[in-house]
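Biologist: Could you walk me through this one and tell me what stands behind each label? I will keep asking how you know.

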Amino acid sequence: MLPIFELRGAIPFAMSTSLWGDKTLSIGTAFLVSFIGSSIIIPLVALLFKPFLVWLKDSKLFKNIALKLENRINQKGKSFENKNSKLKKMLGIIFFVGVPLPLTGAYTGTALAVTIGLNFYDTLLSVLIGNLIAGVVIALLSSVIVSMYSLSIAFLNSFIFPFSFAFLK
């Protein structure tokens, strides 16, 4: 699973009838599999992000990339650092991860939570809740879009196509 797509791309992909036909996953199964798949990585990122960033900064080849990444994350995290309350930081991470936009998922949210100083359990809890919210929103939107697509195909098959082929005879 790529950090760009995660849950936000996995749910519509799993529910796509044009890709899977009759073997498409239901909304519940697509949500559950996608949520578990995108949540498995959260503890690993929470534990290994800072040591990995330090290792990158120490290597000659990746030093510039690591410094740019650290500066970018620090810029994003400054708005959270000014808030002293742990609850406010957690709510900020929940909101950040819960809004289903690209690059605001579990990977980025976990890295941001670690950077702003949340401990392991608070990071885990806030990113999981945000991931849950984003998953519910995406699953409902995907369900509505799949339903609208199915209705439009049924409409075309029932009303438009019979008339268009009648003129060809």
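Modeller: Gladly! Helices (H or I, at least four residues) and strands (E, at least two) are runs assigned by DSSP and numbered from the N terminus. Phe96, for instance, has its place in helix H6. This is a predicted model, in which local features need pLDDT of at least 70 and side-chain atom pairs count only at pLDDT 80 or more, while totals for chains, interfaces and linings use all residues. Residues are numbered from 1 along each chain as its sequence is written, and side-chain values use heavy atoms, with hydrogens and water left out.

Biologist: What pattern does the chain follow along the sequence?

Modeller: It reads α-α-α-α-α-α-α-α, with eight helices and zero strands.

Biologist: Which residues is Phe96 in contact with, leaving aside its neighbours within four places in sequence?

Modeller: Contact means heavy atoms within 4.5 Å. By that test Phe96 touches Leu103, Thr104, Thr108, Gly109 and Leu112, with neighbours within four places in sequence left aside. Ser126 lies 30 residues from Phe96 in sequence, and their C-alpha atoms are 9.8 Å apart.

Biologist: What makes Leu103 stand out as a residue that is not a glycine?

Modeller: Its phi is positive, at about 65°. Leu103 lies in the loop between H6 and H7, and its relative accessible area is 52%, so it counts as exposed.

Biologist: How do you know where the salt bridge is, and which side chains meet in it?

Modeller: A salt bridge needs a side-chain nitrogen of Lys or Arg within 4 Å of a carboxyl oxygen of Asp or Glu. The side chains of Asp122 and Lys86 meet at 3.4 Å, N to O, and so pass that test. The two belong to distant parts of the chain, 36 residues apart: Asp122 in helix H8 (residues 120-166) and Lys86 in helix H6 (residues 86-98). A search of the whole structure finds one such bridge. Asp122 has a relative accessible area of 11%, so it is buried; Lys86, at 49%, is therefore partly exposed.

Biologist: How many residues does the largest nonpolar core have, and what makes it a core?

Modeller: A nonpolar core is a set of buried Ala, Val, Leu, Ile, Met, Phe, Trp, Tyr and Cys residues joined through side-chain atoms within 4.5 Å. The largest such set has 20 residues, and Phe49, Ile93, Leu112, Leu118 and Val127 have the most contacts inside it. Two or more residues come from each of helix H4 (41-58), helix H5 (63-81), H6 and helix H7 (106-115). H4 gives the most, with six residues. Another core, of 10 residues, lies apart from it and includes Leu7, Ala30, Ile138 and Ala139.

Biologist: Which residues of H3 are buried?

Modeller: In H3 they are Ala30, Phe31, Ser34, Phe35, Ser38 and Ser39. They cover an arc of only 135° around the axis, so they sit on the same side of H3. The arc is taken from the directions from the helix axis to the C-beta atoms.

Biologist: How far does H3 reach, and what span is expected?

Modeller: Helix H3 (residues 27-39) has 13 residues and reaches 18 Å from its first C-alpha to its last, close to the 18 Å expected. That expected span is 1.5 Å times one less than the number of residues.

Biologist: What about H8: is Asn131 buried or exposed?

Modeller: Asn131, found in helix H8, has a relative accessible area of 0%, so it is buried. Neighbours within four places in sequence aside, Asn131 is in contact with Leu7, Arg8, Phe35, Ser38, Ser39, Val97 and Ala106. Gly130, also placed in helix H8, counts as buried at 0%. With the corresponding neighbours left aside, Gly130 is in contact with Ile94, Val97 and Gly98.

Biologist: And why is Val137 put in its accessibility class?

Modeller: Val137 is at 32% relative accessibility, so it is partly exposed. Val137 is found in helix H8, and its C-alpha is separated by 8.6 Å from that of Val99, 38 residues away along the chain.

How values were computed. Buried < 20%, exposed > 50% of the residue type's maximum accessible area, 1.4 Å probe, protein only.
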